[in-house]
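Here is a short note to read beside the model. Keep the sequence open and find each residue as you go.

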Amino acid sequence: MKKVCVVGVSGKLGQYMVQHALNRGYEVVGVCREKSVPKLDAFKQRITIIPGPTNDAQIIERAVTGCDGVLTVLVPWGANHYSSGTAQAVLDHAQPGARLIFSCGWHITLDGKDVYPRSLKVQEMVGRWIGRLTRVIDLDDQVEACNRIFASDARWTVVRGSDLEEGESQGLPVWSRHVGDPILASNMTRRIDYALFMVAALENDALIHEAPAIVGCLTPSALAHADKSDISA
Ligand SMILES: NC(=O)c1ccc[n+]([C@@H]2O[C@H](COP(=O)([O-])OP(=O)(O)OC[C@H]3O[C@@H](n4cnc5c(N)ncnc54)[C@H](OP(=O)(O)O)[C@@H]3O)[C@@H](O)[C@H]2O)c1
């Protein structure tokens with residue numbers, strides 16, 4: 001892996017991913033909304049920034065050209081299919097064979113076998129209801145984005161984040177295929193480690209066509225079940 005693109009680079013997850021990618025010696029190109037470019041001042045000498053909406057196919061085509069990997073922050077903002085437009089632009093324009101890593105939440109399911117705690121179901125229902133009412137977020141569009149990714153032949157991984165918190169890195173999160181698996185019960189990951197998992201996935205072919213649900217490696221459920229899991233990142 002030599003050159004990677006971070007789509008949605010100005011957010012918290014995006015900036016952590018930039019740091020991890022630079023630490024690995026990758027050349028980094030980032031895409032973010034024009035008004036958010038100043039958020040990246042700390043990196044401006046070390047990365048190339050392409051300002052523009054992440055669902056703009058021309059912007060994405062420019063940004064991903066020559067990239068071996070693309071890290072995409074999928075966010076369900078607005079009512080204009082921002083998530084699915086972003087995913088589609090990356091799927092359409094990434095170079096053949098590139099590793100494509102996407103972020104989303106536990107509410108996304110690859111095979112329908114996830115078992116959600118009642119609290120998460122309620123949270124999602126409220127999110128959907130508020131989203132429809134305010135048109136500020138569109139969870140269904142993030143679902144549509146992921147369905148398009150799952151249907152694609154590209155070398156994708158969809159990383160499903162638990163609840164997130166700030167704090168110093170604890171190391172690479174552990175993962176499992178299904179929400180409801182005991183190892184995930186703590187439902188908490190440091191955002192910096194979510195980013196670490198996304199960047200590490202670029203070079204982990206075992207994660208191709210997987211939708212790992214992740215949890216912090218030092219959480220109680222991870223510590224209690226890690227040795228019993230047949231899956232580790
Ligand atoms: N937050 C959580 O608890 C949580 C839990 C599980 C999974 N996740 C997943 O983690 C990823 C990152 O989420 P995050 O909450 O940590 O946020 P984040 O990293 O701060 O990223 C938010 C992104 O949304 C963009 N954005 C904000 N308002 C926007 C708007 N009106 N129109 C277009 N783009 C807008 C931001 O761009 P600007 O810099 O331009 O504003 C930024 O790229 C997402 O894929 C999310 O599904 C989050």
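1. A residue counts as near a molecule or strand if its C-beta atom, placed from the backbone, lies within 6 Å of it. Around the ligand there are 23 such residues, and Ser10, Gly11, Leu13, Ser36 and Gly161 come nearest.

2. This is a predicted model: local features need pLDDT of at least 70, side-chain atom pairs count only at pLDDT 80 or more, and totals for chains, interfaces and linings use all residues. Residues are numbered from 1 along each chain as its sequence is written.

3. Which elements build the shell? Helix α1 (12-23) and strand β5 each supply at least two of its residues. Helices (H or I, at least four residues) and strands (E, at least two) are DSSP runs, numbered from the N terminus.

4. The shell holds 9 nonpolar, 9 polar and 5 charged residues. Ala, Val, Leu, Ile, Met, Phe, Trp, Tyr, Cys and Pro count as nonpolar; Asp, Glu, Lys and Arg as charged; the others, Gly among them, as polar.

5. Now take α2 (residues 57-64). Ile60, Ala63 and Val64 are buried there. Buried means 20 or more other C-beta atoms within 10 Å of the residue's own, exposed 12 or fewer, partly exposed in between; C-beta atoms are placed from the backbone. Down the axis of α2, its buried residues fall within an arc of 85°, so they line one face of the helix. The arc is that of the directions from the helix axis to the C-beta atoms. Just after α2, Gly66 takes a positive phi of about 80°.

6. Pro117 sits in the loop between β5 (99-105) and α4 (118-134). Is Pro117 buried or partly exposed? Pro117 is partly exposed, because 13 other C-beta atoms lie within 10 Å.
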